[in-house]
Each structure stands twice: as structure tokens, then as C-alpha cells.
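Let's take a walk through this structure together. Have a look at it first, and then we'll go through it piece by piece.

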Amino acid sequence: MYRYDEFDRAFLQDRNREFRAQVTRRLAGELTEDEFKPLRLMNGLYLQLHAYMLRIAVPYGAMTSRQLRQLGYIARRWDKGFGHWTTRQNIQFNWIKLIDVPDILEALAEVDMHAIQTSGNCIRNVTSDPCAGAAADEIEDPRIWAEVLRQWSTNHPEFTYLPRKFKFAVTGALQDRAAIAFHDIGIRIVGGPNATKGFRIFVGGGQGRTPYVAQEMKAFLPQEDLLSYLEAMLRVYNLHGRRDNIYKARIKILVNAIGVGEYRRQVEEEWQRIRAEGADLPAEEIDRIRAHFVAPDLAARPLDAAAFAKARSEDAAFDRWVRRNVVAHKNPDHAIVSIAFKEPGRPPGDATADEMESVADAADRYSRSEVRVTYTQNLVLPHVARADLIDLYEDLKSAGLAGGNTDLITDIIACPGLDYCSLANARSIPIAQAITERFADPERAENIGELRLNISGCINACGHHHAGHIGILGVDKKGTEHYQITLGGSAADDASVGAILGPSFPAEELPAAIENIVDTYLDRRTGGESFLETYARVGANPFKEALYGTR
Amino acid sequence: MRNVITANRLEDGIVVYLGHTGDWTSDLAAARVVDSRHDLEALEKIAAAAVAACHVVGVYAMDVDLSSGKPMPKSVREKIRAAHRQTFKDLTEIEIR
């Protein structure tokens, strides 16, 4: 894990002192709301439907147990006892008081955390693979480069007032678990000539009202050129991005308006001009950052295979949890374990203070005190000895967090929706609760197989509905909440934008409509076909007929 | 058209409504309801003063229905705001099945 140095800590202390003074001035009437709003947003503080919402950055989704415990403390002391994991691997607290924010930011700084770059038209908190540093299919730990980007982008004077927000994702594995195709810039670590490593760069992906899958920008960029090349990409965007129209201001619009070829030409021209100016990090600085991410020394922990097999055969829920939530680690004695915050009926991604503390305890006991947040709104313990899986499962069961439904239909991504968000048109959370309760039978959910169902409460798509195998978008239809269904989206290596199936449904009809879609899939699938494979083979028509008949 | 004035309280962001005596209350039932443009403008002046005095932020007028004898929001959004509901522990409030 990266550890803050004195510079990082001094910067945060200065920043928090500055914001404390700004809050004091606001409360005293020395700043109007118009003056204060951009200042609070730069510190992650939004005003939502019910209260202020504080969005806290979890850089590339990686936390220590100490940090997670502190989030639990914040939830209990200053919120209503729970927080919400976001689809940007962050956490939001939904009932924060303005007068408490300076103290909360101080509590965060105590554990080297903050709420910077979680709002505004800047480079947002970089996301990455939640299995980074542990995955069996990893080429290189992407956190090294995500940390390079974090240090480069924080308070970058040129890129603090971009035309619009800007999102990076970095993956270092063969399988994309960071949804890089739906980011402004997606970075994939790849092997190059002579055993070198470099980056495959993608640009112009994103969701929102105009969804695009990112296009390849550069097939291979040497690692030492990363920052100068990205600087050239950002500069061309900063120059030509549409500041006159918020709906056309993202880089995806620019890239698709002028074409990726022309955008690339301009970037290459700018890059050739600036690369000699020394924007890239010296090798020793990269090595300094790399040294923070050396793989932990995981002692050999042979598994008692017979006892493990017996436990699996005697407990179907444990067996399912192992199948669904435990994946291969680069050290064969170890495993990466998902902790699902998606028990049927619970709001997706919500976590109580008690649960945060339970996971922090489990991380200390079983995972080198490391925890990750996923963009699917779950947590991951990256370094668990297989010999500890039974004990870990029992601990998680006691905490109510032993659901074995990772990537199944009940593992729904949902934005906060109209229950919290001032942008939303419709509620997401009750819809997710109703659908998960309908598919609560774990055997049935597993029989359906991998099925990503994503829900957004408005077209801004924080719930990634465009990338759902089944996507649900909340819309306002004459003052009532309606929901539009899309099929065929994916955020994985086969990234695609889902297609709208037909007219929207009122909330009370939606769970049955989803069940109808699932039943249609089960009727049509052959062999071990996944939902997406069946959809690709049979197309949308059988699903349209099932839902709308001759309507 | 019947209206009340709503806002968020500056210091904690809680949803509030302008009451009968120029006070701000989190209870919609205690809000002052007006049914004329003239009366609404009078409330808006009081609200603007409260914004200037840093009591509230984000002021606007919202439609209400009085058929039950007390003001009820017309839109889902305002029903959610008026309920001050939270999703995690208020599972009994789920209306969708």
C-alpha cells in the first residue's frame, strides 16, 4: 500500500484548514451559496435531497483496515450509522451536517484519506482492478500507475478546470475488472518488445446520456512516457472540449465529433512538442512508488484439502460462497475473497458501521489488513490463505456478510437514485430490493448464472445501466416513476452498450418484467450459455415478444 | 394551485418548510400553505431574507394537495423529501413489489 509522506500530510492539513475557514465564512454569511458551492464541491461535499452528501475518495479502491474502521467511526459519529459504496470505488455518506464537515475531514486526514477529486471538472479519483496485486492473471500491479496518476493529477494547475469531469481507470490483468472501456481514458498494462511493459491506451468511453465504448488510442505506450502522453491527451481535450454545452463537454463527444484519428494526430503533435520538457517521471521516482506495492510476503499455508472438501459437502451455502466469491490468487495457497453487500432485500452497496468494523477485523485477521472496494459496490479481501477460508466464512456469516452471489442477478449495481440524489428521476434502491427479493432463492440465482443487472435513477447512469446485461433506467413519465429496460450491455472485455428493449414499465410491473426476461433466457439457452451469449445468438426479438406481445 | 416554500437548512442540509410565523420547520404539516400569487410572493420575500441571513439554502415553491386536510406533496420527489426517509433502516417503507 502507498503510505503518505510528510508532503502528502502537510498538503492535506493545509487543505483542511482552508476548507474549515471557508465553512466558517459561509455560516457567518461572508460567502454566498454561489461562492461557496464550487469550494465545497472541490472537497466532495454535495447538497442532495435530504442533506449534504460527502463523497470520500478511496484511491483506486484500496484501503487499509485502519481506514475502513475510521469510515465506520465517521458513519456512527456523524452520519446515521451507514455509508454507501459507489460505482467509482468511493464511499458516500448521505446525512452529513455542514457544520461537522471540517471535523470529518480531519478524521479522514488522520488515516491519510480525503474527499478531494470526488467532484468538479477535474481528474477524478482513479479507479482500478479490486484484485490488483493479487490476481493470478496479472501482468503488473496497476496500483503503481494509479498512484502515479493520483500524485500527478491532484491539484494539477492545468487540469483542475477541465470542460467536464474526467475519469481514468487502470488495469494490469488479462481480464478487465475495472471497466476501462467506459472511462474517459482507460489504461491497460500490456507486454511489449524485449520483455518490456507498457500501456494500451483507450479514449472516449463513458455512459451518461451519450454512451460510448472507448476506442483504442495507442496500441503500445512505453511506461516511461505515460505522463507526457496523458498530458498531451488532456491538453488537446482542454483546448477543444465543449465548454458551451454541459451535455457535449466530455472527451467522448470531442473524440467522436472529430474522429479518433484526428484526435490522435493532434495529441501526437502536442506530445512531440512537450515530451522533451520533462513531464515524465524519472525512473527513480517510479521505482520509489513501485516499492510501496511490493507483493506481501505470504507464508506457505497448505490447505487441509480433505477437511475443506468435507466442509463444502456439508454446507451448501459455504460451497456456493466458495464457488461464487473466491477467486484465484497469484499465490496458489491464497485466494481473493469477495464480500457481498447484496443480500436480497438490502440496499445495494449500503454498509453499516458495524459491518465496516467487521470487515476491518477480518482484513486484520486474514488479509494483511488490506481491503478493496469494487465498482460493483462490494468489498474484497485480496490476500486470504485458503487454509483460513472456513474461519473467514464463519466470521462473515456472523456479520451477515457471507452471501455467495457475486456476479449473479442479485449482485445488482444501483445508484442512490431518487431516495437521495437531487438529479434522479426515479428511485433505484427499492427497485433493486424488490428484484433481489424476487430472486432470493440462491439456487435459482446460481442456476440463472452470471447476470449483471444494473439500475440508474436517471440518464447520468451512475448505476451503469448501459453496461448491464440487463439495464434499468428510471425515467419520469408524467410525474410517475417508470423504468426503461436495456439488454446486452457489458463492461467487461466484450464491452458494449445495451439496447433499449421497448416502452418503459411502471415500478410495480418491473420485477415481473425482469422475471419474464430471465425466464425467456432460460427457455432459450443451450448448454452452458450465459445470458449475454444467448442474447447475442437469439437477438432482442424473443425478449420483446415475451414482454410486449403484440403491443 | 397551492404552494408551500421549501429549502434545506444551511447548517445541516435538512429539508425544511416555511411555517406560519416565518419559522422553518422540518414538519410539512406545520408549513404555511398559500393559494394565490400574491401570498406566494410574500412568502418568497421571507424566504429570500432567510437565505441572506444564512438560515436556509436552495429555496423553491412546491405544489401541495390539501384534500386530506393537511399539505401533502404532489411529486414523488417531494414525498421522499418530506418523509426524511433513509433507505437502510426504513425497509417497511418499500412500496414496490
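**Starting from one helix**

In helix 12 of chain A, the buried residues are Ala353(A), Glu355(A), Met356(A), Ser358(A), Val359(A), Ala360(A), Ala362(A), Ala363(A) and Tyr366(A). Here, buried says that 20 or more other C-beta atoms, placed from the backbone, lie within 10 Å of a residue's own. Helices are DSSP runs of H or I with at least four residues, strands are runs of E with at least two, and both are numbered from the N terminus. Before we go on: this is a predicted model, where local features need pLDDT of at least 70, side-chain atom pairs count only at pLDDT 80 or more, and totals for chains, interfaces and linings use all residues. Residues are numbered from 1 along each chain as its sequence is written, while chains are lettered from A and ligands numbered from 1 in the order in which they are written.

How far apart are the end C-alpha atoms of helix 12 of chain A? They are 20 Å apart, and that agrees with the 20 Å that its 14 residues (353-366) should span at 1.5 Å a residue; the expected span is 1.5 Å times one less than the number of residues. After helix 12 of chain A comes Arg368(A), with a positive phi near 55°.

Now for a pair of helices. Helix 7 (residues 251-258) and helix 8 (residues 260-274) of chain A pack with their axes 6 Å apart, at an angle of about 105°. Axes are lines fitted to C-alpha atoms, for helices over the stretch in contact, and angles run from 0 to 180 degrees between N-to-C directions. Helix 7 and helix 8 of chain A are therefore roughly perpendicular to each other, a label for angles of 65 to 115 degrees. Leu254(A), Val255(A) and Ile258(A) of helix 7 meet Val260(A), Glu262(A) and Tyr263(A) of helix 8.

Zooming out, chain A is assigned domain 1 (6-110), domain 2 (127-292), domain 3 (305-398) and domain 4 (413-548), with bounds from an automatic or database domain assignment. The centres of domain 1 and domain 3 of chain A, taken over C-alpha atoms, lie 29 Å from each other. Each of these two domains gives 20 residues to their contact, where contact asks for C-beta atoms, placed from the backbone, within 7 Å. On the domain 1 side, helix 3 of chain A supplies the largest share, seven residues.

Finally, 27 residues of chain A are in contact with 24 residues of chain B. Helix 14 (residues 429-438) of chain A gives the most to chain A's side, with five residues.

Notes
Buried ≥ 20, exposed ≤ 12 C-beta atoms within 10 Å, placed from the backbone. Parallel < 35°, antiparallel > 145°, perpendicular 65-115°, else oblique.
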